[in-house]
Amino acid sequence: MIVWCAAAAAAACTVLGAVMVREAFRVRLRREEVVLPRLPAAFDGFRIFFISDIHRRTVHPSLIRLAAEAGGADLVLIGGDLTEGGVPAERVRANVRLLSGIGPVFMVFGNHDYDEDAESLAELLREERVALLRNESRIIERDGQAIRLAGVDDLSAGRDDVRAALRGRTRPGRRPAFTILLAHDPLIVERMTAEDARRTDLILAGHTHGGQIVLPLIGPLARGHLRYLRGWRTPPRRKTTGGAGRPRLFVSCGYGTSHLPLRLSAPAEAHLFTLRCLHRSSGQGPESR
C-alpha cells in the first residue's frame with residue numbers, strides 16, 4: 001500500500017512538473033481591443049504588440065507568425081527584463097531582431113536589465129534601432145494627429161522619474177496629449193501624483209509574472225504585488241481638479257520566468273492590443289491564440 005501511494009505521488013508530481021514546464025514555454029498571443037476615451041480618431045485601430053519579462057527565454061518564431069497572422073502591429077513595446085545576468089548578448093540580439101520584424105520597437109529597462117552592464121545593453125539596443133525610453137517620451141504621429149509614448153526607468157533602485165517622462169510635449173492652454181506610459185513595475189502607479197495620472201491614459205507593465213506559480217486555494221507563492229498581479233487593474237484614486245481621471249493599467253504575466261523555468265496558473269503570454277476610440281468600440285472581448 002505504501003509503495004502504491006508513493007508511486008502515485010511520484011506520478012502526480014511528474015505530471016504536475018510537465019504541466020508547469022509547458023506553461024512556462026507556452027507560446028500564446030492574447031488579442032484584445034482596448035477602448036480609450038481620449039484616443040485621437042486617427043489612432044482608432046492602432047495596434048500595439050506588448051511583451052515583457054523575456055529573461056533567459058528565446059523568442060519563438062511562432063510568436064512572430066501569430067502576430068503577422070493577426071494583422072501585425074504598428075508598435076512593439078518591451079516592458080523591461082529583456083535579459084538577466086548570464087544571458088549571452090547574441091541571444092538578446094536575436095530576440096530583438098525577431099521582435100523588430102513586427103514593427104518599430106520601444107523599450108524600458110527592468111530590474112534584471114541592470115544585472116550586468118546596462119550601458120552595454122543600451123548600446124546593443126541602439127545598434128538594433130530599438131528606442132530605449134529612460135524617463136523620457138516620444139511623439140507618434142498619424143494622419144495629422146499625435147499621441148505620446150512615455151517610458152520610465154526601473155524603480156527598484158530609484159531610477160524612475162515619472163515627471164521627467166511626462167514633461168513637456170504640450171502646448172500652452174491645451175490638455176496633455178493622449179499618453180501611453182510604459183513601465184516595468186506596476187507599482188509605478190503608487191508614485192504618480194494626481195497631475196501625473198491626469199496626463200496618462202494607459203499604463204502597460206510587467207514584472208510580476210502573474211505570480212508565476214499560483215497554487216489552488218493558496219494563491220501565488222510570491223506574495224508581493226498582489227494588488228497589481230495581472231491583467232487589468234485599478235490604480236489608486238488621486239484627488240484631481242478635473243481632466244482624464246485615472247488611467248487604465250494592464251499588467252502582463254510576461255514571457256519568460258525567474259529562477260526556475262516553471263509556471264502554474266500563470267502561463268507565459270504576449271499581447272496584441274488594438275486601440276479603439278470610445279465611439280468606435282465594437283465591444284469585442286479578449287481572444288487568445
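Gln 212 is buried, with a relative accessible area of 9%, where buried means under 20% relative accessible area, exposed over 50% and partly exposed in between (1.4 Å probe, protein chains only). The model is predicted: local features need pLDDT of at least 70, side-chain atom pairs count only at pLDDT 80 or more, and totals for chains, interfaces and linings use all residues. Residues are numbered from 1 along each chain as its sequence is written, and side-chain values use heavy atoms, with hydrogens and water left out.

- Most residues other than glycine have a negative phi.
- Gln 212, however, has a phi near 65°, a positive value.
- You can find Gln 212 in the loop between β9 (202-205) and β10 (214-215); strands (E, at least two residues) and helices (H or I, at least four) are DSSP runs, numbered from the N terminus.
- Asn 135 also has a positive phi, near 60°, and sits in the loop between β5 (131-132) and β6 (136-142).
- Asn 135 is buried, with a relative accessible area of 17%.

**The protein as a whole**

- The secondary structure comes to 6 helices and 15 strands.
- Of the 289 residues, 53% count as buried.
- Take the contacts (heavy atoms within 4.5 Å): among those between residues at least 6 apart in sequence, 75% join residues at least 24 apart.
- The accessible surface is about 13400 Å², of which 54% belongs to carbon and sulfur atoms; such areas come from the Shrake-Rupley method with a 1.4 Å probe, and for residues only the protein chains shown count as cover.

**The nonpolar cores**

- In soluble globular proteins, nonpolar side chains tend to be buried together.
- A nonpolar core is a set of buried Ala, Val, Leu, Ile, Met, Phe, Trp, Tyr and Cys residues joined through side-chain atoms within 4.5 Å.
- Which residues touch the most other members of the largest core? Of its 33 residues, they are Phe 49, Ile 51, Leu 82, Leu 99, Phe 109 and Leu 125.
- The elements that give two or more residues to this core are β2 (47-51), α2 (61-69), β3 (75-78), α3 (89-100), β4 (105-107), α4 (118-127) and β14 (270-277).
- α4 gives the most to this core, with 5 residues.
- Leu 125 touches Leu 82, Val 96, Met 107, Phe 109, Val 130 and Leu 132, not counting residues up to four places away in sequence.
- There is also a second, separate core of 26 residues, which includes Leu 36, Ala 42, Ile 180 and Leu 275.

- β1 (residues 29-36) runs parallel to β14, joined by 8 bridges; two strands pair if DSSP finds at least two bridges between them.
- Val 35 stands opposite Arg 276 in β14.
- β2 pairs with β14 in the antiparallel sense over 4 bridges, and Ile 48 stands opposite Phe 273.

**Helix α2**

- Ser 62, Leu 63, Ile 64, Leu 66 and Ala 67 are buried in α2.
- The cover over these buried residues includes β1, β2, α3 and β14.
- Just after α2, Gly 71 takes a positive phi of about 110°.
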